[in-house]
Amino acid sequence: MNVKGKVIKYGNNVDTDVIIPARYLNTSDPTELASHCMEDLDDKFTQRVKKGDVLVAGKNFGCGSSREHAPISIKASGISCVIAETFARIFYRNSINIGLPILECPEAAKDIKDNDQVEIDFDKGLIKNLTTGKSYQGQPFPGFMQEIISSDGLIQYIKNSL
């Protein structure tokens with residue numbers, strides 16, 4: 001499983017309240033959630049994000065409440081992967097459950113800049129910055145997690161397994 005895209009970068013402690021503000025939690029429609037993704041942090045996010053882009057952030061990405069709406073809004077916006085120094089644990093699990101690939105790689109998260117082009121090989125955990133030529137080694141997903149993500153989430157994975 002590989003993705004390639006342009007980077008949209010944020011800093012540390014991006015919480016679920018700015019990923020998808022609470023005022024929009026009255027819906028679970030992914031398209032509607034995506035239309036409000038990051039609007040309290042970056043009011044231009046929905047205009048600049050393109051399908052396949054990669055979100056890069058600092059430490060503790062997805063902290064705050066445990067709403068699954070946050071990774072749903074990111075995925076539905078077109079983001080193909082999130083790379084961060086660290087993730088809040090519940091955000092990490094919610095992301096895998098809905099089929100949003102995420103990678104912890106502190107060195108990559110620190111070095112990669114906004115608008116860089118990156119390529120990610122999930123089988124190897126390899127992140128390549130195509131803009132600078134630098135590579136970073138993240139932790140590859142175990143096989144079962146890759147299957148969940150490629151099935152578009154845990155529910156579809158279970159349906160496929162029955």
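The radius of gyration is taken over C-alpha atoms, and the globule rule used for comparison is 2.2 Å times the number of residues to the power 0.38. With 162 residues, a compact globule would have a radius of gyration near 15 Å, and the chain, at 15 Å, agrees with this. The structure is a predicted model, in which local features need pLDDT of at least 70 and side-chain atom pairs count only at pLDDT 80 or more, whereas totals for chains, interfaces and linings use all residues. Residues are numbered from 1 along each chain as its sequence is written, and side-chain values use heavy atoms, with hydrogens and water left out.

Along its principal axes, the C-alpha trace of the chain spans about 45 × 40 × 25 Å. The secondary structure comprises eight helices and seven strands, where helices (H or I, at least four residues) and strands (E, at least two) are DSSP runs numbered from the N terminus.

Two helix pairs were examined, with axes being lines fitted to C-alpha atoms, for helices over the stretch in contact, and angles running from 0 to 180 degrees between N-to-C directions. Helix H4 (residues 69-77) packs against helix H5 (residues 89-98) at an angle of about 50°, their axes lying 8 Å apart. That angle makes H4 oblique to H5, given that angles under 35 degrees count as roughly parallel, over 145 as roughly antiparallel, 65 to 115 as roughly perpendicular and the rest as oblique. The contact (heavy atoms within 4.5 Å) is made by Ala70, Pro71, Ile72, Ile74 and Lys75 of H4 and by Phe91, Asn94, Ser95 and Ile98 of H5. By class, it has six nonpolar, two polar and one charged residues, with Ala, Val, Leu, Ile, Met, Phe, Trp, Tyr, Cys and Pro counted as nonpolar, Asp, Glu, Lys and Arg as charged, and the others, Gly among them, as polar.

The axes of H5 and helix H7 (residues 143-150) come within 6 Å and cross at roughly 60°, and the two helices are therefore oblique to each other. Tyr92, Arg93 and Ile96 of H5 meet Met145, Ile148 and Ile149 of H7 in this contact, whose residues divide into five nonpolar, no polar and one charged.
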